[in-house]
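I opened my notebook to look up a few things in this model. Here are my entries, one topic at a time.

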Amino acid sequence: MPYDPTRHGPRRIVGPGFHERVFALVRAVPTGSVTTYGDIATALGRKGVARQVGYAMAALPEGSDVPWWRVVAAGGRLSVAPVTRREQAVRLAAEGHRLGDDRVLDFAARRHAFVPC
DNA sequence: CGGCTGACGACCT
DNA sequence: GAGGTCGCCAGCC
């Protein structure tokens, strides 16, 4: 069943652990840049956990300080649930991104490079 | 403690 | 391009 905020209950409180590390990385993405689930997974040291990164994003509470809209799918695609995707497109456009066909154009140039601490 | 639930990605037909 | 398969795992009930 696809993610549906109207049916999947209240937002959950963010706890310590994996989710928190994901959120910390997303907070490090500056305005005007984007990153991907896979890049975050790689930055965490495990290439294969892009899916888990997505799950972490789904658990974000509303009103958090995490710029979730800067996280796109591989290749710059917008792949979240339709309602959220519209919101994401609006926010990305507001940060100067050009969008087309559910994609971030110039994705390669706007992709954030995570630096090791 | 077991079961369930998910914003993915690479690769294959 | 459109499907399907498989690997991946934390957090909540």
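**Entry 1: helix 4**

Helices here are DSSP runs of H or I with at least four residues, strands are runs of E with at least two, and both are numbered from the N terminus. I also looked just past the end of helix 4. There, Gly96 takes a positive phi of about 95°.

**Entry 2: ground rules**

I noted that this is a predicted model, where local features need pLDDT of at least 70 and side-chain atom pairs count only at pLDDT 80 or more, while totals for chains, interfaces and linings use all residues. Residues are numbered from 1 along each chain as its sequence is written, chains are lettered from A and ligands numbered from 1 in the order in which they are written, and side-chain values use heavy atoms, with hydrogens and water left out.

**Entry 3: the whole chain**

I listed the elements next. Chain A has five helices and two strands. Along the sequence, their pattern reads α-β-α-α-β-α-α. Then I looked up burial. Of the 117 residues in chain A, 32% are buried. Buried means under 20% relative accessible area, exposed means over 50%, and partly exposed is in between (1.4 Å probe, protein chains only). I checked contacts too, which means heavy atoms within 4.5 Å. Among contacts in chain A with a separation of 6 or more, 61% join residues 24 or more positions apart.

**Entry 4: two tryptophans**

How many aromatic pairs does the structure hold? I found one. The ring centres of Trp68 and Trp69 are 5.8 Å apart and the planes stand at 85°, so this pair is edge-to-face. Rings of Phe, Tyr and Trp (its six-membered ring) pair if their centres lie within 6.5 Å; planes under 30 degrees apart are stacked, over 60 edge-to-face, and the rest tilted.

Trp69 has 14%, so Trp69 counts as buried.

I stayed with Trp69. Trp69 lies in the loop between helix 3 and strand 2. Leaving out residues up to four places away in sequence, Trp69 touches Gln88, Arg91, Leu92 and Glu95. I looked at Arg91 again. Its charged end sits over the ring of Trp69, 4.6 Å from the ring centre. For that label, NZ of Lys or CZ of Arg must be within 6 Å of the ring centre and within 35 degrees of the ring normal.

Val26 is 43 residues away along the chain, with 9.5 Å between the C-alpha atoms. Val90 is 21 residues away in sequence and 9.2 Å away in space. Val90 belongs to helix 4. Its relative accessibility is 55%, so Val90 counts as exposed.

**Entry 5: helix 1 and helix 3**

At what angle do helix 1 (residues 18-27) and helix 3 (residues 50-58) cross? Their axes cross at roughly 85° and come within 9 Å. Axes are lines fitted to C-alpha atoms, for helices over the stretch in contact, and angles run from 0 to 180 degrees between N-to-C directions. So helix 1 is roughly perpendicular to helix 3. Under 35 degrees is roughly parallel, over 145 roughly antiparallel, 65 to 115 roughly perpendicular, and the rest oblique.

I wrote down who makes the contact. Helix 1 brings Phe18, His19, Val22, Phe23 and Val26. Helix 3 brings Gln52, Val53, Tyr55, Ala56 and Met57. I looked up Gln52 separately. Gln52 is partly exposed, because its relative accessibility is 31%.

**Entry 6: positive phi in a loop**

Asp102 has a phi near 55°, positive in a residue other than glycine. Asp106 has a positive phi near 60°, and Asp106 is not a glycine either. Asp102 is at 42% relative accessibility, so it counts as partly exposed. Asp106 is partly exposed as well, because its value is 47%.
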